[in-house]
Amino acid sequence: MECLFCRFQNDEEKIIDRSAFCYAIFDQFAVSKGHLLIISNEHTENWFTAKKEVKKDIIDFLDRMKIKLDKKFSPDGYNIGMNCDKAAGQTIMHLHVHLIPRYSGDVENPKGGVRGVIPQRQHY
């Protein structure tokens with residue numbers, strides 16, 4: 001079965017922006033307004049299998065995409081996340097980074113942020 005993200009990299013209607021080693025699309029299952037994915041052009045499983053130049057490009061691209069989202073949606077904060085392997089919740093085995101805009105009041109208590117991947121450990 002062909003990789004969904006490999007297919008998306010040729011879909012100019014979905015692509016928000018591109019860089020040398022990755023591209024961005026809005027998440028089809030967004031958890032907030034503006035939630036996007038930064039996806040490596042090269043099919044590599046996750047952050048730990050990616051080449052150094054891909055990782056550097058993704059980091060730079062995150063900053064660029066944050067500026068775009070700030071202008072378009074004016075969020076109050078961000079979560080940045082990756083799921084690396086099935087045990088961590090990765091469902092598409094192609095490197096992608098979630099850039100999730102956050103808005104004051106979008107959850108009752110945001111304390112713990114990304115710790116919410118294990119809900120009983122989020123609040124401390």
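Good morning. I shall begin with strand 5, where 6 of the 7 residues are buried, so that this strand is largely enclosed by the rest of the structure. Please keep in mind throughout that this is a predicted model.

Let me turn to the sheet around that strand. Strands of a sheet pair through backbone hydrogen bonds, in either a parallel or an antiparallel sense. Here, an open sheet of 5 strands runs in the order 1-2-3-5-4, and its pairing is antiparallel. Which strands stand at the edges? They are strand 1, residues 15-18, and strand 4; each has a single partner strand, so one side of each is left without a neighbour in the sheet. From one strand to the next, the twist averages 20 degrees.

Helix 2 packs on this sheet, where it touches strand 1, strand 2, strand 3, strand 4 and strand 5. The direction of helix 2 makes about 35 degrees with that of strand 2, which covers residues 22-26.

We may now look at the two partners of strand 5 in turn. Strand 3, residues 36-40, pairs with strand 5 in the antiparallel sense over 4 bridges. Within that pairing, Leu36 stands opposite Leu99 of strand 5, and Ile39 has His96 of strand 5 as its bridge partner. Strand 4 also pairs with strand 5 in the antiparallel sense, over 5 bridges. As for individual residues, Tyr78 has Pro101 in strand 5 as its bridge partner.

I move on to the aromatic side chains. How many aromatic pairs does a search of the whole structure find? The search finds 2. One of them joins Phe5 and Phe8: the ring centres are 6.1 Å apart and the planes lie at 40 degrees, so the pair is tilted. These two residues are 3 apart in helix 1, residues 4-8, which means that about one helical turn separates them. Are they buried or exposed? Phe5 is buried, at a relative accessible area of 3%, and Phe8 is buried as well, at 9%.

Phe26 and Phe73 also form an aromatic pair, and this one is edge-to-face, with 6.2 Å from centre to centre and 90 degrees between the planes. It links distant parts of the chain, since Phe26 belongs to strand 2 and Phe73 to helix 2, 47 residues apart. With a relative accessible area of 33%, Phe26 is partly exposed, whereas Phe73 is buried, at 18%.

A further contact involves an aromatic ring and a charge. The charged end of Lys33 sits over the ring of Tyr103, at 5.4 Å from the ring centre.

Most residues other than glycine have a negative phi. Which residues have a positive phi without being glycine? Ser74 is one of them, with a phi of about 50 degrees. It lies in the loop between helix 2, residues 52-73, and strand 4, residues 77-81. Asp85 is another, its phi being near 90 degrees. Asp85 is placed in the loop between strand 4 and strand 5, the latter covering residues 96-102. Because its relative accessibility is 39%, Asp85 counts as partly exposed.

Thank you for your attention.

Conventions: Residues are numbered from 1 along each chain as its sequence is written. This is a predicted model: local features need pLDDT of at least 70, side-chain atom pairs count only at pLDDT 80 or more; totals for chains, interfaces and linings use all residues. Side-chain values use heavy atoms; hydrogens and water are left out. Buried means under 20% relative accessible area, exposed over 50%, partly exposed in between (1.4 Å probe, protein chains only). Two strands pair if DSSP finds at least two bridges between them. Axes are lines fitted to C-alpha atoms, for helices over the stretch in contact, and angles run from 0 to 180 degrees between N-to-C directions. Contact means heavy atoms within 4.5 Å. Rings of Phe, Tyr and Trp (its six-membered ring) pair if their centres lie within 6.5 Å; planes under 30 degrees apart count as stacked, over 60 as edge-to-face and the rest as tilted. A charge sits over a ring if NZ of Lys or CZ of Arg is within 6 Å of the ring centre and within 35 degrees of the ring normal.
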